[in-house]
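Me: Hi! Could you walk me through this one with me? I'd like to go over the charged pairs and the surface.

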Amino acid sequence: MNKYEKYIKNRSKNNSRFLIIVLFVFICTLFISRAFTNNMKKEITSLNQDIKVTNSKIKKVRKDIDTIKSDYDNRNTDEFKEKIAREKLGMIKKDEYVYKDENNK
């Protein structure tokens, strides 16, 4: 038997082995890419949730800043002084009555 005959005889075995290896590599690559894609989707979802939370915090801080700015602009008015006296010090006017809600204890 010469080299050519040996090659022809073993060619189908070598081809099938090659096809099996290629198929195995393809399947492994498919599973790895799916796992990577799922991991990335979870990370993207987590980051989107973090972005929503951060945006809501930013809106709250902006609202607080606007409130502080308006209070600063109105700091010398009587309305502001009355507001501070009511909110921070719990004061009321002489002719006012305070009703306490029994449900909110």
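Me: Is aspartate 64 buried or exposed, or something in between?
Reply: Aspartate 64 is partly exposed, because its relative accessible area is 35%, which lies between the 20% and 50% cut-offs. Keep in mind that this is a predicted model.

Me: Which side chain does aspartate 64 meet in a salt bridge?
Reply: That would be lysine 60, at 3.6 Å from N to O. Both residues sit in helix 1, four residues apart, about one turn of the helix. Lysine 60 counts as exposed, at 54% relative accessibility.

Me: Nice. How many salt bridges are there?
Reply: The count comes to three. Another one joins the side chains of aspartate 71 and lysine 83, at 3.1 Å from N to O. Aspartate 71 lies in helix 1 and lysine 83 in helix 2 (residues 78-87), so this pair ties together parts that are twelve residues apart in sequence. Lysine 83 is partly exposed, at 28%.

Me: And what does glutamate 82 pair with?
Reply: Glutamate 82 forms a salt bridge with arginine 86, and their closest N and O atoms are 3.2 Å apart. They are four residues apart in helix 2, so about one helical turn separates them. Glutamate 82 is partly exposed at 32%, and arginine 86 is partly exposed at 32% too.

Me: Switching topic: which residues form the nonpolar patch on the surface?
Reply: Leu23, Phe26, Ile27, Leu30 and Phe31, with about 500 Å² of accessible area together.

Me: Where is phenylalanine 26 found?
Reply: In helix 1, which covers residues 3-73. Phenylalanine 26 counts as exposed, because its relative accessibility is 53% and the cut-off is over 50%.

Notes. Residues are numbered from 1 along each chain as its sequence is written. This is a predicted model: local features need pLDDT of at least 70, side-chain atom pairs count only at pLDDT 80 or more; totals for chains, interfaces and linings use all residues. Side-chain values use heavy atoms; hydrogens and water are left out. Patches are made of residues with over 30% relative accessible area and no salt bridge: like charges are joined within 9 Å, nonpolar side chains (Val, Leu, Ile, Met, Phe, Trp, Tyr) within 5 Å. Accessible areas come from the Shrake-Rupley method with a 1.4 Å probe; for residues, only the protein chains shown count as cover. A salt bridge is a side-chain nitrogen of Lys or Arg within 4 Å of a carboxyl oxygen of Asp or Glu. Helices (H or I, at least four residues) and strands (E, at least two) are DSSP runs, numbered from the N terminus. Buried means under 20% relative accessible area, exposed over 50%, partly exposed in between (1.4 Å probe, protein chains only).
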